[in-house]
Amino acid sequence: MLKTYPEHYFSEKYQLTPPHSEVIAALPKLRVGKALDIGCGRGRNTLLLNSKGFNVTAWDNNPDSLAQLRAVIAEEQLQGITVEEQDLNAIRFNGAYDFVFSTVVMMFLQPVAVPQLIADMQASTVKYGYNLIVAAMDTADYPNADLFPFAFKSGELSDYYRNWHIEKYNEHVGELHRVDEHGNRLKLRFATLLAQKASY
């Protein structure tokens, strides 16, 4: 029998950042199955999805973060999580996932890597499965100004998914943890997309 966990159990017990609000918001739409967490960090979203019954493959390029995630898996004796160290700038992949997602990760990648990564995300999603992407933008009102190696232009992310059913897309302003010289948190627009693979 699947053990149930409160939503913030892992973040509170292991001092993790809480699960991303967009992952939580997407949950009611998702069919429980296989998920791929691209840029999992210490596993905040992986652990949430696993607690809801998903088999999760979790990728990151930070061995320290992955070691912390593996420690939680061992401590809690969790099943159904595969943790792998991957270079997201270079990886090519395929699969059959019900949910493929990447939250606040793509802006740390090299620009040349992003189109192929998104193409592989799409190809690895089963029919009627979902992709979720949240990433920083570079816009006239909130320029990236070299904060990150990569940032989406307005409408760029949604254009990648023009043949999918877009459930949610916005370009809202969000705050970074980074601050300016006056101690104020920096702001950028973030592209947020939840899309379902069409039945073609």
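Residues are numbered from 1 along each chain as its sequence is written, and side-chain values rest on heavy atoms, with hydrogens and water left out. Since the model is predicted, local features need a pLDDT of at least 70 and side-chain atom pairs count only at pLDDT 80 or more, while totals for chains, interfaces and linings use all residues.

On a 1 Å grid over the protein atoms alone, a cavity is a set of points where a 1.4 Å probe fits but cannot get out, whereas a pocket is an open set with protein on both sides within 12 Å along at least five of seven lines; lining residues have an atom within 4 Å of a point. Grid points are joined across faces, edges and corners, and a volume is the space filled by probe spheres set on the points.

The largest pocket has a volume of about 1,100 Å³. Its lining is made of 41 residues, and those nearest the centre are Arg-44, Thr-103, Val-104, Val-105 and Phe-108. Two or more lining residues come from each of helix H2 (21-26), helix H3 (44-51), strand E6 (165-179) and strand E7 (185-196); here helices (H or I, at least four residues) and strands (E, at least two) are DSSP runs, numbered from the N terminus. Strand E6 supplies the largest share, eight residues. By class, the pocket lining holds 15 nonpolar, 17 polar and nine charged residues, where Ala, Val, Leu, Ile, Met, Phe, Trp, Tyr, Cys and Pro count as nonpolar, Asp, Glu, Lys and Arg as charged, and the others, Gly among them, as polar.

Val-104, one of the residues nearest the pocket centre, lies in the loop between E4 and H5. Val-104 has a positive phi of about 45° although it is not a glycine. Most residues other than glycine have a negative phi. Val-104 counts as partly exposed because its relative accessibility is 27%; buried means under 20% relative accessible area, exposed over 50%, and partly exposed in between (1.4 Å probe, protein chains only). Gln-15, in the loop between H1 and H2, also has a positive phi, of about 55°, without being a glycine. At 59% relative accessibility, Gln-15 counts as exposed.

The search of the whole structure finds one cavity of 30 Å³ or more, and the largest cavity has a volume of about 50 Å³. Helix H3 gives the most to the lining of this cavity, with three residues. The lining includes Tyr-5, Phe-10, Arg-44, Leu-48 and Ser-51, and by class it has six nonpolar, three polar and two charged residues. Eight of the eight residues of H3 are buried, so this helix is largely enclosed by the rest of the structure. After H3 comes Gly-53, with a positive phi near 105°.

E4 and E5 pair in the parallel sense over six bridges, with Thr-125 in E5 as the bridge partner of Tyr-97. Strand E5 is mostly covered, as nine of its twelve residues are buried. E6 and E7 run antiparallel and are joined by eleven bridges; Tyr-169 stands opposite Leu-193 in E7. These two strands form a hairpin with five residues between them, and Gly-183 in the turn has a positive phi of about 85°. Glu-175, placed in strand E6, touches Arg-185, Leu-186 and Lys-187, not counting residues up to four places away in sequence. At 45% relative accessibility, Glu-175 counts as partly exposed.

Technical notes: Pairing = 2+ DSSP bridges. Contact = heavy atoms within 4.5 Å.
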